[in-house]
Amino acid sequence: MSAEQIAFKAPEIMIDRATHYCPGCHHGIAHRLVGEVLTEMGLVDDTLCVGSIGCSVFIYNYLNVDAVEAPHGRAPAVATGLKRSRKDKFVFTYQGDGDLASIGMAEIVHAANRGERISVVFVNNTVYGMTGGQMAPTTLIGQKTTTCPAGRCLDREGAPIRMSEIIGGLGGTAYCERASLDSVKNIRRAKKAIRKAFEVQQQGIGFGFVELLSGCPTNWRMDAVAANKRITEEMIPYFPLGVYKDVTAEGGCACTEHGTDSKEDK
Amino acid sequence: MARVEFRDERCKGCLLCTTVCPKEIICQSARFNKQGYKVAEVKEDDMDKCTGCASCALICPDLAITVYREKKEGK
Amino acid sequence: MSDNKRIFIKGNEAIARGALAAGLTCYFGYPITPQNDIPEFLSAELPAVGGEFVQAESEVASANMLLGAAAGGARAMTTSSSPGISLMQEAISYMAGSDLPAVIVNISRGGPGLGDIGSSQGDYFQSTRGGGHGDYRTMVLAPGTCQEGYDMMIQAFDMAFKYRNPVLVLGDAIVGQMKEPVTPWVPESISNYGVEDWCLSGAVGREKRLLKSLFLEEGALAGQNIHLQEKYTAMQAEARADVYACDDAELVVVAYGSIGRIVKSSVRKLRSEGHKVGLVRPLTLYPFPATVLEDLAKAGKRFLTIEHNCGQMVEDVRLSIRKYADSDFHGHMPGELPGSDDFVQPILARLGR
């Protein structure tokens with residue numbers, strides 16, 4: 001009998017402990033993909049993680065890297081300061097949709113627009129998870145939450161915000177992609193997207209952003225399998241997957257194409 | 001020969017792995033772990049059908065699955 | 001700029017130059033009057049010495065950038081004025097809760113609300129009581145002259161790193177906008193007090209580090225609060241005051257910052273006329289120089305607190321002397337620029353009693 005080899009196991013960067021996440025929550029997948037990409041890029045020792053507020057505040061309990069906790073929504077500002085003080089390190093934020101697309105809208109937009117050499121992992125599950133399932137800026141029309149019990153109403157609450165479309169339209173963004181964690185194929189694609197969003201920072205060409213459509217079975221009041229189906233059938237049609245900006249494909253730099261000096265020159 | 005190994009104490013019984021197995025050999029067991037989750041498993045008789053594709057491990061949010069594959073000759 | 005020749009500059013510029021002398025490497029700010037000279041000066045001068053200057057999208061963002069740079073171990077600061085400082089309280093609370101060193105300058109203006117852009121000491125409570133949520137304190141230094149503005153920046157950075165705590169420099173529109181001769185100087189050595197032992201620098205050959213203010217485990221937050229309180233107790237040793245002509249004084253006037261300096265002129269004038277009046281000018285507002293005042297109270301002095309507000313520091317004065325004396329209060333309303341003549345009559349009125 002020939003020897004066996006491991007085809008899949010948890011990357012070493014992941015701290016070996018059970019997560020506090022609910023069954024079927026996609027944060028675990030997203031954490032692992034980040035860990036795998038950091039490992040494959042050889043960045044584990046050089047990574048500074050900026051956590052945010054929400055269920056994923058405890059990311060630092062699962063990834064074995066230096067980390068700082070940012071106030072709600074402010075991770076891109078904290079990451080800006082951290083990167084400016086440690087230019088040789090890899091700095092990323094990990095934020096949910098309530099954190100990034102509501103209270104932190106100013107910080108994310110301006111960090112992207114400045115072309116900060118940071119990378120942002122944006123987990124969009126259309127709900128405030130940690131606080132008990134309230135309406136988020138990304139909550140779909142008709143989706144019932146604890147603060148829109150009759151379903152989100154376009155007339156009263158407006159339409160769900162599409163962040164990748166916004167970030168992709170900003171001058172300093174070097175890479176912006178929306179991916180999904182609902183299927184094996186999409187998970188593989190998501191990993192490539194994370195890698196691209198990380199690479200543009202390492203190449204010094206601008207701001208990297210990756211949105212991950214994710215499930216929150218607990219606050220969606222359904223089981224994990226149904227939650228994944230909801231992503232496929234309801235979220236993806238409203239939040240189309242794809243690359244919203246890629247300056248590497250355009251052969252340019254996020255900043256120089258807009259007539260400002262590359263920060264690498266300093 | 002390939003096989004998968006479930007860490008019972010990490011499994012939260014979400015069953016996402018059961019939806020992606022091309023051989024449909026992953027199912028919910030009758031066992032509960034210490035957290036009270038009914039864990040996923042591959043029945044011993046079905047294990048030889050495992051191709052080692054690792055789809056289950058890729059979709060598992062809890063790093064509960066390790067996948068082993070036979071080492072190919074000449075590598 | 002460090003050739004020790006006197007230069008004639010605004011207080012705001014003195015503060016900016018003092019920060020550079022203190023080894024500033026990262027600045028984050030947002031425009032607001034009357035402190036704009038500071039970011040304007042640093043936007044050119046800081047990059048010239050290899051530092052980072054960022055004009056943030058808001059004071060909320062600049063204070064959080066400060067948090068990030070502090071986590072990276074940088075000598076970083078932000079500056080603003082009253083309404084902007086209100087917006088920064090979130091990050092200041094987080095920095096205090098996470099033991100992060102940072103310098104925040106408040107060139108304060110009149111309030112509440114939008115107030116005006118003139119001088120005021122209305123932010124005393126906000127500055128000395130923490131300002132944001134939770135049980136924390138920031139050290140507060142109060143310059144009364146342009147030279148003190150320069151000097152106190154060097155002190156502020158030193159204190160921030162010594163205690164791993166935010167330090168506030170509380171000036172006002174008078175200190176920021178007036179011009180005076182300033183003698184620049186550079187400290188012989190700058191200590192980071194072992195910043196490399198705790199800052200985020202990448203977990204190379206060591207355990208990962210975590211800087212946070214969230215403590216959910218049973219007893220953990222209590223432990224953090226006890227640690228912070230011990231730090232604030234240790235900080236009490238840094239309390240400073242300028243004590244002027246108090247030895248034989250019957251009445252001790254207590255005033256800080258620009259007002260302390262203007263009151264000093266009033267006291268000098270009254271002294272020249274034979275009145276037995278002295279001045280205590282706190283240089284640190286937190287820690288408050290309570291012992292200085294208590295000793296004077298023990299010696300039988302009477303007290304008058306003068307502020308450019310409706311009565312804030314007077315509470316700390318009364319707390320300091322409560323076993324032996326009380327303090328009267330004279331408030332000069334924000335919105336009216338005071339002169340030294342404004343304080344002569346109020347002091348005479350108390351002296352005559």
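Which residue in β4(B) is the bridge partner of Phe8(A)? It's Val67(B), and I'll come back to that pair in a moment.

First, the housekeeping. This is a predicted model, where local features need pLDDT of at least 70 and side-chain atom pairs count only at pLDDT 80 or more, while totals for chains, interfaces and linings use all residues. Residues are numbered from 1 along each chain as its sequence is written, chains are lettered from A and ligands numbered from 1 in the order in which they are written, and side-chain values use heavy atoms, with hydrogens and water left out.

So, who touches whom? Contact here means heavy atoms within 4.5 Å. There are 2 pairs of chains in contact, and chains A and C share the most contacts. Chains B and C don't touch, with 19 Å between their nearest C-alpha atoms.

Let's start with A and B. Chain A puts in 33 residues and chain B 29. They bury about 2,500 Å², with 60% of that from carbon and sulfur atoms; buried area is the accessible area (1.4 Å probe) that two parts lose on being put together, summed over both. On the chain A side, Glu4(A), Gln5(A) and Phe8(A) lose the most area to chain B, 23% of what that side buries between the three of them.

Now back to the opening pair. Strand β1(A) runs antiparallel to β4 (residues 65–70) of chain B, joined by 4 bridges. Strands are DSSP runs of E, at least two residues, and helices are runs of H or I, at least four, numbered from the N terminus; two strands pair if DSSP finds at least two bridges between them.

There are 3 salt bridges across A and B, meaning a side-chain nitrogen of Lys or Arg within 4 Å of a carboxyl oxygen of Asp or Glu. Arg7(B) and Asp16(A) make a salt bridge at 2.9 Å, N to O.

On to A and C. Here chain C gives 36 residues and chain A 33, burying about 2,800 Å², 57% of it from carbon and sulfur atoms. Glu52(C), Glu57(C) and Lys208(C) supply 22% of the area chain C buries against chain A, more than any other three residues. The rule finds 6 salt bridges here. One salt bridge involves Glu52(C), with Arg84(A), at 2.7 Å, N to O. There's strand pairing too: β3 (residues 66–69) of chain A and β9(C) pair in the parallel sense over 2 bridges, and Val68(A) stands opposite Leu211(C).

Last stop, inside chain C. The assignment, which is an automatic or database one, gives domain 1 (7–201 + 226–237) and domain 2 (240–351). How many residues of domain 1 of chain C are in contact with domain 2 of chain C? The count is 32, against 27 residues of domain 2. The two domains bury about 2,400 Å² between them, 51% of it on carbon and sulfur atoms. In domain 1 of chain C, Gln121(C), Tyr124(C) and Phe125(C) lose the most area to domain 2, together 30% of what that side buries. We count 3 salt bridges between these domains, and Glu180(C) with Arg261(C) meet in a salt bridge at 2.0 Å, N to O.

That's the tour. Over to you.
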